[in-house]
Amino acid sequence: MRYYREALHKLLRTKTLILLFYLLNLGSALIVALPFRSVLGTVAGHSFTGGAFASGFDAEVILELMSRNTVVGPVFQTLIAFAAAVYGIGILFFSGGVFGLYLRNDRFDAGEFWNDAGRMFPRYLRLFLLSLPVLVICYCIQFLETAFVRIVYGPDPYQTVLYWGVWIRTGLGYLGLLIYAVIFDYARIFAIDSDERNMRRALGNGIRFVFRHFLPVIGIALPVFLAGLLLLILYNLVTGGFPSPSTAGLIVLICLQQAYIAGRVKLRLILYAVQTSYFARKVPETPEIDGPSDGIIDPNPLLTI
Amino acid sequence: MSFRRSRILPVICTALLLPVTAASGQNTIFPSPLSPRIANYDIDARYDPARFTLEGREKLRWRNEGTDTVRSIEMHLYLNAFRNNRSTFMMESEDLPDQSPADSARWGFCQIRSLLTENGEELTGRIRYIHPDDDNTDDRTVIEIPLPSPVLPGDTLVLSSVFTSKFPRPPVARSGGKAEYLFAGQWFPKIGVFENGSWNCHQYHAQSEFFADFGVYNVNITLPQNEIVGATGLETGSEQNSDGTTTHRFHAEDVHDFAWTASPEYVEFRGRAEQVDIRVLMQPDHREQGPRYLAAAATALKYFHDWYGDYPFPNLTVVDPRRGARESAGMEYPTLFTAWTTHGIPAGCRIPEMIIIHEFGHNYWYHLLASNEFEESWMDEGINTFTETQIMREAYGQTGNLLDLLGFTVDDLTLNRVEYLGAASCDPTLRFAWKYYSGASYGVNSYAKPAVLLTTLQNYLGTETMRRIMRAYVNRWKFRHPTTKDFIAVANEVSGRNLNWFFDQAIYSNAVLDYSVDKVTTREISPGRGFGFTDRLTGNGPAADSAPSVPDTGRLYASEVDVRRLGTFIFPVTVEAKFEDGSRVREQWDGKDTWTRFRYTRRARLVSATVDPDRLIPLDINLTNNSRTVDYQTLGVTTATLRVLFWFQSLFDQPEIFNMLNVVAGLF
């Protein structure tokens, strides 16, 4: 709870970050949404098909639009992939500035933020590429279930086994993704904290840190992930079947949607803040060296813990 | 497999001359025959579950109902379609997994080892494999046997055969086994249909089903005692044998096929509806869905009974195929059919119900109305899909009757329509099954398109008229072999209209129906100018004491609606014009010309125009051009865009949501 209190305090001192991340999210999604609007307007803008979208999605019309406009599909797939890449790269870029701010426990300072972001971005990009095998391994944790079923039940298990296995595998998949996410986060924190240029070392430090403090690390991140799920459920409860056949209804819908997104952005920043707080308490600061240096600086502060 | 002819053959011949025990002492189901009973079978079968093989003895009694003398017969050996990868079935199959040549378990066959006439004349050596549909000499699914004596009109031919059948593992195209489970369809030598002076006996194609004459079946199936057996007809008795097997006796009357299944793991559920005993054989990992199966079967019985006439048989068996044996799922046989489900399927996903209603429907459209599935597949699958969509809507709602999960709804007819859009113009609806452009075209023209065109016809004629047509079709043609022409004749007669214009386009051609509102315009007419009609005019203009008196009618709008026929299918349509003051005008257009224009002069602006405003023509291939609005639909397009924007905002931030696809993939 201490860490969450600190995180909230940090978040309040750096509210500009919420806007930055929100705009990044919005901008990425607009890369897809604006062309979609254009295509939809052309195809259905002057018909009741288009008008019907005000009340909801008619499955028949959607399926017909998709089957009739097959050329559009591949184009949108490319757009979506591009937009996702833009968002991912943007997050990576901003995270340097965010971690720097939170480690220093400073108010938002544009100069320092962009400086850290720009300085760390190439390293974080390298770190991401280096971490891909870790992602694969973490994601494959779910196949432990598959192996278990195969060993215990053989190649032809009853569907009851497969059914529950699917849920277990899905849960393990989420756990694997969570583990990777925190490894990547702490690797980045390590990298900026020690101004590390060797990303293999940063990754190694991240992995070691996570597994040395596995329960607290997961325990810190899990509530944030669960809060995200709860937020999604809450959003669907409020807006499920929400008809917006009027301009006023449309405005309310926009407000609800963007409030949800803003909430998600805050959750992400809270997670970063909590992680940096926990890290700061667990990893002592590298002591400053006065006078001539013999050039020896402990490259791996973790080993001294 | 080989055997030593010199020693075994006389034994077989002797055995064949002994009466097949199946024929003796059978019960009678119907006091008098419901069908011509042309092809009658007595079969003794001994099944070996360890090797998935069956040794059978068959006595076929075939009556020459025609006016021609028959000098040879043709028979189906359907299981030979899976004998090797050179059969017509395998060569035509687009998506079968590679069969491992070394794995003999994957293959199947039906082999006649001995064939004798009633007088003991040996016919085995006369068997000749033929290929009436193509030039594939490696296809062994049809045999021809020249007869030593012709069969005169009215005479009965009696043939006794010894055969071996092997079932592929896992099932391929409806038949086969896996582990402890077997589904046996098309497993015995089956005589073709002699009609119009020749044999109708097609090869087994990748895209075809079956055609046979009605008859009486007496079948004894011997297999291990722990097996639970389900079959066509009624089980009239069983006896336990000293070798640890049980012989189950089945009797079926007025059927044109016999299928059966066995597994020691079946869980039985029993029910009754519309005076029919329902027996459901569930897999143990689906047992919680037994009541669901019973309920769906009861629903099907109820609606068919109410709408189309009584189901004449006393019983019905519903089989739930084993996991890993999906190829045997969703298939129909007289008084027995297979369904499909998976453990954990939610109640809002009514695929099991849809399959049960569909497969039960085949007991009408394939069994009672025994059309030729090789040559007119739409008459069975298409009419059945139409009735399936009707019942789904009636029983489970007009929308979301197939899927109603987390606010996402799919209607069965809608899904069929979307499938139809995928191959709407490849082929005419009516075509020999193996001659469609592709498997997709076969599927569309056999299932989806007939459902859509019959729904269109129903909307045109009215539901009650359509039901009267279907009832008359059942009553007039049950236990016979109707053709497309017969169905059209009934439709014309019962409706009191000549519907040939519809069927010529819908069934016999690949014409596509597409009407669109191409343009809508509305403009204000200027206030009255010019000379009025009562003005006194001189050669120099109006008289001095007169003034132009074109009446000032107030604000008027001249509006036009252009409607076009974009497809080649001609169909009468309704066009509705809507005005700003809320008034609406409906016009009827015969749809024959390539376009038409409606003009209006009114005090209100035209707002929109719609062709087929009540969506009565699902055959229309493009709904998005059916309406046109004068004003751009900003609200709708913007709302849709905002929803899409939000989805992508969420997905980019929570890409791990895709992990939930595991659940969908795992369930299905």
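Read along its sequence, chain A follows the pattern α-α-α-α-α-α-α-α-α-α-α, and its secondary structure accordingly comes to eleven helices and zero strands. The model described here is a predicted one, and the predictor gives the complex an ipTM of 0.85 together with a pTM of 0.87. Of the 305 residues in chain A, 32% are buried. When contacts in chain A between residues at least 6 apart in sequence are considered, 76% of them join residues that are at least 24 apart.

The confidence of the prediction was examined for each chain. Chain A has a mean pLDDT of 84, with 88% of its residues reaching 70 or more, while chain B averages a pLDDT of 91, with 90% of the residues scoring at least 70. In chain A, pLDDT stays under 50 over residues 286–305, a stretch for which the model has 13 contacts beyond four places in sequence. In chain B, pLDDT likewise stays under 50 over residues 1–21, for which the model has 20 contacts beyond four places in sequence. Where pLDDT is low, the predicted coordinates should not be read in detail.

For chain B, the domain assignment gives domain 1 (5–262), domain 2 (377–506), domain 3 (515–535 + 549–631) and domain 4 (637–667). The C-alpha centres of domain 2 of chain B and domain 4 of chain B lie 36 Å apart.

Two open sheets of chain B may be described in turn. One is built from seven strands in the order β4-β7-β2-β1-β13-β16-β15 (chain B), and its pairing is mixed. The edge strands of this sheet are β4 (109–117) and β15 (234–240) of chain B, each of which pairs on one side only, and the twist from one strand to the next averages 15°. Within the sheet, strand β2 (residues 53–63) of chain B and strand β7 (residues 156–166) of chain B run antiparallel and are joined by eleven bridges; the bridge partner of B:W62 in β7(B) is B:L157.

Another open sheet consists of three strands in the order β25-β28-β31 (chain B), and here the pairing is antiparallel. Its edge strands, β25 (515–525) and β31 (595–602) of chain B, each pair on one side only, and neighbouring strands of the sheet are turned by 15° against each other on average, with direction ignored. Ten bridges join β25(B) to strand β28 (residues 556–565) of chain B, the two running antiparallel, and B:T522 has B:S559 as its bridge partner in β28(B). In general, strands of a sheet pair through backbone hydrogen bonds, either parallel or antiparallel.

The contact between the chains takes 58 residues from chain A and 49 residues from chain B. On the side of chain A that touches chain B, at least two residues each are supplied by α2 (15–44), α3 (48–52), α4 (59–68), α5 (72–104), α8 (159–193) and α11 (247–282) of chain A. Of these helices, α2(A) gives the most to this side, with 13 residues. Sorted by class, the side of chain A that touches chain B has 31 nonpolar, 20 polar and seven charged residues.

Notes. Residues numbered from 1 in each chain as written. Chains lettered and ligands numbered in written order. Predicted model: local features only at pLDDT ≥ 70, side-chain atom pairs only at ≥ 80, totals over all residues. Pairing = 2+ DSSP bridges. Helix = DSSP H or I, 4+ residues; strand = E, 2+ residues; numbered from the N terminus. Axes fitted to C-alpha atoms, helices over the stretch in contact; angles between N-to-C directions. Domains from an automatic or database assignment. Buried ≥ 20, exposed ≤ 12 C-beta atoms within 10 Å, placed from the backbone. Contact = placed C-beta atoms within 7 Å. Nonpolar A, V, L, I, M, F, W, Y, C, P; charged D, E, K, R; others polar. pLDDT = per-residue confidence, 0-100.
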